[in-house]
Amino acid sequence: MIIFSVDTAYSFLVKNNIFPDFVVSIDPQFINAIYILEQPLDVSSSYLISDLLASYLVNRYFAERILLINPPILEKLGVFRGIFPSIGYGGSVFTAALSSALYMGFSKILFLGLDLAYRGYKTHIRGTPTYNILLHSANRFSLIESEIYK
C-alpha cells in the first residue's frame with residue numbers, strides 16, 4: 001500500500017505514527033509550510049510532490065526527495081513546458097494528490113478522511129496548525145469565523 005498525504009493532513013498522520021510515501025504540497029503560503037515543518041520528519045521515507053510555486057520552505061525541508069510538477073497556470077503560459085510533468089488540478093491540494101497518483105499509474109485509489117466541506121464556518125479540523133493559529137488570534141471582538149472570511 002502506498003500512502004499519499006496532503007500537506008494539511010501530514011502532521012496529523014505523523015502524530016499517529018502513519019508515515020506517508022508521498023506528501024503533496026502546492027500552496028505558496030507560509031501557513032501550509034507549518035503543517036510540514038512542525039513535525040520531525042525522516043525524509044528518507046517520504047517524497048514531496050511539489051508545485052513549482054509551492055513554499056520554498058517545504059521544498060528545502062525535503063532536499064533531494066522532491067518530485068516537481070508544473071502548475072496549470074505555468075503550463076498554459078508555456079513556462080517549463082516539457083521540463084516538469086504538467087499535472088492538472090483544481091483549487092484543492094486533494095486534486096493535486098489525485099492527479100499525481102493517476103499520473104504515476106495508480107488505478108486503485110482509496111480516500112480516507114477527505115473532507116471538502118466547510119461546515120460550521122470551519123475550513124480546517126480542530127487541532128491543525130491553521131485552526132490553532134485562528135483560535136489563538138480570536139478574541140471577543142474577532143471571532144475565528146471573521147478571521148477565515150476576511
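Select G105 to begin: this residue comes just after helix α5 and takes a positive phi of about 100 degrees. Helices (H or I, at least four residues) and strands (E, at least two) are DSSP runs, numbered from the N terminus. The model is predicted, so local features need pLDDT of at least 70 and side-chain atom pairs count only at pLDDT 80 or more, while totals for chains, interfaces and linings use all residues. Residues are numbered from 1 along each chain as its sequence is written, and side-chain values use heavy atoms, with hydrogens and water left out.

Now step back into helix α5 itself, residues 93-103, and colour V93, F94, A96, A97, S99, S100 and A101, which are its buried residues. Buried means under 20% relative accessible area, exposed over 50%, and partly exposed in between, with a 1.4 Å probe and protein chains only. These buried residues of α5 pack against β1 (4-6), α1 (7-15), β2 (22-25), β3 and β4.

Next, select S5, whose place is in strand β1. Is S5 buried or exposed? S5 counts as buried because its relative accessibility is 2%. If you leave aside its neighbours within four places in sequence, S5 is in contact (heavy atoms within 4.5 Å) with Y10, L13, P20, F22, V23 and V24.

Move on to helix α1, where D7, Y10, S11, L13 and V14 are buried. Seen down the axis of α1, these buried residues fall within an arc of 165 degrees, so they line one face of the helix; the arc is that of the directions from the helix axis to the C-beta atoms. Just after α1 comes N17, with a positive phi of about 55 degrees, and N17 is found in the loop between α1 and β2. N17 counts as exposed because its relative accessibility is 61%.

Then show strand β3 (residues 47-51) together with strand β4 (residues 66-69), which pair in the parallel sense over four bridges; two strands pair if DSSP finds at least two bridges between them. Within this pairing, I49 stands opposite L67 in β4.

Finally, select the whole protein chain, whose secondary structure comes to seven helices and four strands, and whose buried residues make up 34% of its 150 residues.
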